[in-house]
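Me: I'm new to reading protein structures, and I'd like a close look at one part of this one. Could you walk me through the open sheet and then show me what surrounds it?

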Amino acid sequence: MSSSSRFLALALLALTGCERGPAPGLAVVDFRHARESGGTPVASWTGDKVTAEELRQRLEEMSPALRERYQTLEQKREYVEGLARFELLVQEAIARGLQNDPEVLASTKRALVSRLMRSQLEEAKPPVSDAEVAAYYASHEEDYVRPEQVRLSHVFLAAPRADTARVAAARARAEKVLAEAKALPPRDFAAFGRLARTYSEEPRTQPLDGDLRYRSFEVLAQDFGPEVAEAARALVPGGPGALTGVVQTDAGLHVLQLTGHQSALDLKLEDVRQQITGRLSQEKRTRAWAELLSSLERRAGFTVDAATLSRVHVDMSSPMLPPSGPPPGTIPAPFPTAAAEQP
């Protein structure tokens, strides 16, 4: 292939699955700088050119501060020569056959996949209907409408209120636990958890380091007694790490530590419509990408020979060789998997 070629063929991986069917072998790539006829050349070389119209557009795309560098003829000449020299280097690289270099091919394939992704997913944004938004809001309403909640850890000592002797013995132990808890750094929740594992007699939460998870004050009152709910409410101003005194309920004695707090939410559909629309649109694009990959695999007759694959030995002791292709995980996911957004 000569350096004077007007356009050049680059051997690429055939992308199957398009509507017209598989590509027949070589994909023709035009590497000329100026692909359209016309325009007023400010610099030219065999089969190519830089036009005044292109130069003007490039300068207009620069910031005003950057344009100041190209006010004189010499400055503009330097810029144009830089463009031309880059293109001449491309021609020379192709004349030497470097377009078939594995590193170049791997880089080109990555660029093609990236461009395909933008074309397939970002430029064709799937619509999201009002009905879909409303349905999502209804099925996730707890994310948008909820009462104030707290997260607590506790050490519980069983002592029914009517059993005064047992209460007295349990209170002495609870005061000892409280003293140990006060000696800990306020936000060392793991240390308080170890106290719960050591002393707590509540079988559901003791294996969880005393963690009660997030609960509203109403649910706290139902599950553990109004005294616990009242004590928890008093902890909120102190923030995570705050401790109660010994709290007595009908079932026994608690030492409580606040580990988290969520303010009440009352977000209407209109308040979160844009957020939900964005989430659903992203989910649709992710599904579209997965469907495209599955379709390409089916049309290409893609299969995996598990028996042969299982016999490929992975030598953990051999030295690392230079890469011969794209690294693992080159094909990107269409969009990052976002954790559920909490308003």
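This is a predicted model: local features need pLDDT of at least 70, side-chain atom pairs count only at pLDDT 80 or more; totals for chains, interfaces and linings use all residues.

**A walk around the open sheet**

Strand β6 covers residues 149-158, and its pairing with β7 is antiparallel, over 4 bridges. As a general point, the strands of a sheet pair through backbone hydrogen bonds, in either a parallel or an antiparallel way. Here the open sheet has 4 strands, paired antiparallel, and the order across it is β7-β6-β9-β8. The edges are formed by β7 (211-216) and β8 (243-248), each of which pairs on one side only. If you follow the sheet from one strand to the next, the twist averages 35 degrees.

Now for the helices. Helix α6, residues 164-182, lies across β6, β8 and β9 (252-262). Relative to β8, helix α6 runs at about 175 degrees. Helix α7 (residues 189-199) packs on the sheet too, touching β6, β8 and β9. The direction of α7 makes about 35 degrees with that of β6.

Next, the nonpolar residues. The largest nonpolar core has 16 residues, and those with the most contacts inside it are Val150, Leu152, Phe217, Leu220, Val228 and Leu256. Two or more residues of this core come from each of β6, α8 (217-224), α9 (226-235) and β9. Helix α9 gives the largest share, 5 residues.

Leaving aside residues up to four places away in sequence, Leu220 touches Val150, Leu152, Leu212, Arg215, Gly225, Val228, Ala229 and Ala232.

In general, side chains of opposite charge can pair when their charged atoms come close. Asp250 and Arg161 do this through a salt bridge between their side chains, at 2.8 Å from N to O. Asp250 sits in the loop between β8 and β9, while Arg161 sits in the loop between β6 and α6, so the pair links distant parts of the chain, 89 residues apart. Arg161 has 35% relative accessibility and counts as partly exposed.

You can compare this with other pairs elsewhere in the structure, which holds 17 salt bridges. One of them joins Lys284 to Glu132, with the closest N and O atoms 3.1 Å apart. Lys284 lies in helix α10 (residues 269-299) and Glu132 in helix α5 (residues 130-139), so this pair ties together parts that are 152 residues apart in sequence. Glu132 is partly exposed, with a relative accessible area of 34%.

The side chains of Glu74 and Arg77 meet in a salt bridge at 3.9 Å, N to O. Both lie in helix α3 (residues 73-95), 3 residues apart, which is about one turn of the helix. Arg77, at 43% relative accessibility, counts as partly exposed. Finally, look for Asp130, Glu270 and Arg273, which are linked in a network of salt bridges.

Terms used
Residues are numbered from 1 along each chain as its sequence is written. Side-chain values use heavy atoms; hydrogens and water are left out. Two strands pair if DSSP finds at least two bridges between them. Axes are lines fitted to C-alpha atoms, for helices over the stretch in contact, and angles run from 0 to 180 degrees between N-to-C directions. Contact means heavy atoms within 4.5 Å. A nonpolar core is a set of buried Ala, Val, Leu, Ile, Met, Phe, Trp, Tyr and Cys residues joined through side-chain atoms within 4.5 Å. Buried means under 20% relative accessible area, exposed over 50%, partly exposed in between (1.4 Å probe, protein chains only). A salt bridge is a side-chain nitrogen of Lys or Arg within 4 Å of a carboxyl oxygen of Asp or Glu.
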